[in-house]
Amino acid sequence: MAESAINIRHIAAFAATVRHGSVTRASRAVNLTQPALTQAIARLEADLGCALFERGPAGMTPTEPALLFAPRAEAAIAQVGSPRVTGTQVRAFLALARAGSYAVAAEATGLSSASLHRAVADLSVALGQRLVDRRGRSIMLTPAGERRARGFGLAMAELRSGFAEVAAWQGKAAGRIVVGAMPLSRARWLPETILRFAKAHPGVDVAVVEGSHSELAGPLRDGEIDLMLGALREAAVLDDLQQEAVFEDQPALVMRAGHPLLEEGAITGALLARFPWILPARDTPLRQYWEDMMRAAGAEPPHVSIECGSVLTVRQLLLGSDALTLLSAAQLAVELQAGVLAARPTPVPVRRTIGVTSREGWRPTGPQEAFVALLRQVAGEGFG
């Protein structure tokens, strides 16, 4: 089901009926008339393409797909946080929060700017909170707006998962997995996993969002992506995220073919400090590993004049200079095999842990569980 078609009140009516087992009690719980609640359930059943209840003298008995969908519905309602919020308001506000301006949000959704303004204003009134501050032509979310945007995003993620689970129960291969990919995972591990997954689950879409940890952590927390792959961080800085270690990577010194360092015997910290370096930003694990390596090899880390996290850009910079970098050989396998770049072991072993990061309490769908299991399998076969 498309996110734009989700009706929050229908979801609330359904969840209340599962919870109370009676149209009468459910209608009181959600402040709907019995005919309105019955109609809401009928529309949800039509959208899902299956019966959600068996009607009888004893009340409303949920069917198997209803029991699958109910926990997702309850979680989504809790994240929305108010019975006065509509699906249109959620869609409009999420579009505005992601776009940063009414004009860009209107283009992304196909709604008019006037409709977006009206929906967001109505939402603010319904919640009794100021959600947006204007900054010229752009907008900035208030603290309350940021909390609401995250809650709405997680609600939509729960509902998408619920629809996918019902579709799977119906025998339809459906659903979508959105993977946040940091640089190392894009070399071999993720592509191999996607190829195998696509063969086993041809009806499930996979979308890859590339970025650094700082760029992907927010969308992961907001429910826009399902899991993130790459170097793991210190647990103390993760708050509501959980990590699973999958394999260890051992980066090497990488340079152009014919580099002077290739002619040297023993590599020391002092020798490495003579060359320019291209490395990612200071807040990345790889940069910290490099600094630790330099000190363990007997030299203070030299100034890094070029900071870059793009492997494609780093490759071109290496080819045209005597600069060095610290990277996994898998990330530059084609260039190393072609002989245009070369690698040497670090003077002190450098190891980093690569794995899967997800939201605390994330409940994956069947296909999502299968994808994570395949990630473990592929890494265990040496594709990391």
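**Exercise 1: Packing of two helices**

Task: state which residues of α5 meet which residues of α7, then describe the geometry of the two helices.

Solution. T88, Q89, A92, F93 and L96 in α5 meet L116, A119, V120, D122 and L123 in α7, where contact means heavy atoms within 4.5 Å. The model is predicted: local features need pLDDT of at least 70, side-chain atom pairs count only at pLDDT 80 or more, and totals for chains, interfaces and linings use all residues. Residues are numbered from 1 along each chain as its sequence is written, and side-chain values use heavy atoms, with hydrogens and water left out.

Next, classify the contact residues of α5 with α7: seven are nonpolar, two polar and one charged (Ala, Val, Leu, Ile, Met, Phe, Trp, Tyr, Cys and Pro count as nonpolar, Asp, Glu, Lys and Arg as charged, and the others, Gly among them, as polar).

Finally, take the axes, which are lines fitted to C-alpha atoms, for helices over the stretch in contact, with angles from 0 to 180 degrees between N-to-C directions. The axes of α5 (residues 87-99) and α7 (residues 113-127) come within 9 Å and cross at roughly 110 degrees. Therefore α5 is roughly perpendicular to α7 (65 to 115 degrees).

Notes. Helix = DSSP H or I, 4+ residues; strand = E, 2+ residues; numbered from the N terminus. Parallel < 35°, antiparallel > 145°, perpendicular 65-115°, else oblique.
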